[in-house]
Amino acid sequence: MYHHVKKLMFEVNVGEADPRFGKMLLEQFGGENGELAAAMQYSVQGMNCEDPARRDLLMDIGTEELSHLEVIGALARMHLKPLRESDEAAMADPLIALVGGGGVGLHNSQGAAWTADYVSVSGQLEVDLRNNMAAEAGAKIVYERLLKYTDDAGSRDALKFLMAREIAHLKAFGRALESMDKGPLEIGDLPADEEYVTPYYNDSTGDGDAGQDSEGPWNTADDVEVVENPAFSGMAVS
Ligand code: MN
Ligand code: MN
């Protein structure tokens, strides 16, 4: 059951409206890493979730994302205000002025329509939680980039709040994943064949202008076996 309360989760104030920045903010309204995508992703995952504790988590965060949508929508509308009041500003941005009347709509900063293709709902909890961690990381970095393009104190406060909440969600989803009764490489029910899990194929080789062969725990750990140049060896698909 949803209920709307007539207050914003974080108070939004804008000193001087900047329509170009308002358009950039639409990325977090109707864009790929935006608040609507997050709200739909976690809420629909929650409806499918049969683990009562993690279902509660998904519904808590999915609902909070709708409150974020309202905050970013309010902030974007304040910055887009000149498009509703000035012919010159409106003519500089016909999409927003003519189609949306100078308000927010379900499209990204370039006018591409929001799509459910932005949303990952796998029906497998450990997969959903990983997708959510990636989504939170994506949202965090878009807020960080947006912060580069405004000096307005009120806008910065709201964006910093929203950015911090994405890290809070990343923390929660990570803990929900770690606390599941599954190891980090256990996905689904079928075990993967160790014979094919152990090899690390060194498929990009040679030292040159485009880089060099490198080492890290992905190819040096005890449970990994490096196979050099498999394309040039006897390995073949049969
Ligand atoms: Mn959010
Ligand atoms: Mn979030």
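Which residue forms a salt bridge with R54, and how far apart are the closest N and O atoms? The partner is D51, and the closest N and O atoms of the two residues are 2.7 Å apart. This briefing describes a predicted model, in which the protein chain is assigned a domain 1 covering residues 19-178 and a domain 2 covering residues 194-232. Between the C-alpha centres of domain 1 and domain 2 there is a distance of 38 Å.

**The two manganese ions**

- The manganese ion (ligand 1) and the manganese ion (ligand 2) lie 3.6 Å apart, with E65 coordinating both of them.

**Salt bridges**

- The structure holds 6 salt bridges, among them the pair of R54 and D51; R54 counts as buried because its relative accessible area is 13%, whereas D51, with a relative accessible area of 23%, is partly exposed.
- Another salt bridge joins the side chains of K182 and E126, with a distance of 2.7 Å from N to O; K182 lies in the loop between α8 and α9 (194-197) and E126 in helix α7, so the pair ties together parts that are 56 residues apart in sequence.
- Within that pair, K182 is partly exposed at a relative accessible area of 24%, while E126 is buried at 3% relative accessibility.
- K140 and E144 also form a salt bridge, in which the closest N and O atoms are 2.5 Å apart; the two residues stand 4 residues apart in helix α7, which means that about one helical turn separates them, and E144 is partly exposed at 35% relative accessibility.

**Aromatic pairs**

- The count of aromatic pairs comes to 3, and one of them is the edge-to-face pair of W114 and Y118, with 6.3 Å from centre to centre and 80° between the planes.
- W114 is partly exposed, since its relative accessible area is 21%.

**Surface and loops**

- On the surface, Y2, V44, M47 and V121 form a nonpolar patch, and together these residues have about 360 Å² of accessible area.
- V121, one of the residues of this patch, is found in the loop between α6 (94-99) and α7 (125-147), and its relative accessibility of 34% makes V121 partly exposed.
- S86 lies in the loop between α4 (52-85) and α5 (87-92), where S86 is partly exposed at 25% relative accessibility.
- From C-alpha to C-alpha, S86 and M133 are 41 Å apart in space, and in sequence they are 47 residues apart.

Notes: Residues numbered from 1 in each chain as written. Chains lettered and ligands numbered in written order. Predicted model: local features only at pLDDT ≥ 70, side-chain atom pairs only at ≥ 80, totals over all residues. Heavy atoms only, no water. Patch = residues over 30% accessible without salt bridge, like charges linked within 9 Å, V, L, I, M, F, W, Y side chains within 5 Å. Areas by Shrake-Rupley, 256 points an atom, 1.4 Å probe, with all protein chains shown as cover. Salt bridge = Lys/Arg side-chain N within 4 Å of Asp/Glu carboxyl O. Buried < 20%, exposed > 50% of the residue type's maximum accessible area, 1.4 Å probe, protein only. Domains from an automatic or database assignment. Donors = N, O, S within 2.8 Å, 3.2 Å for Na, K, Ca; no water. Phe/Tyr/Trp six-rings, centres within 6.5 Å; stacked < 30°, edge-to-face > 60°.
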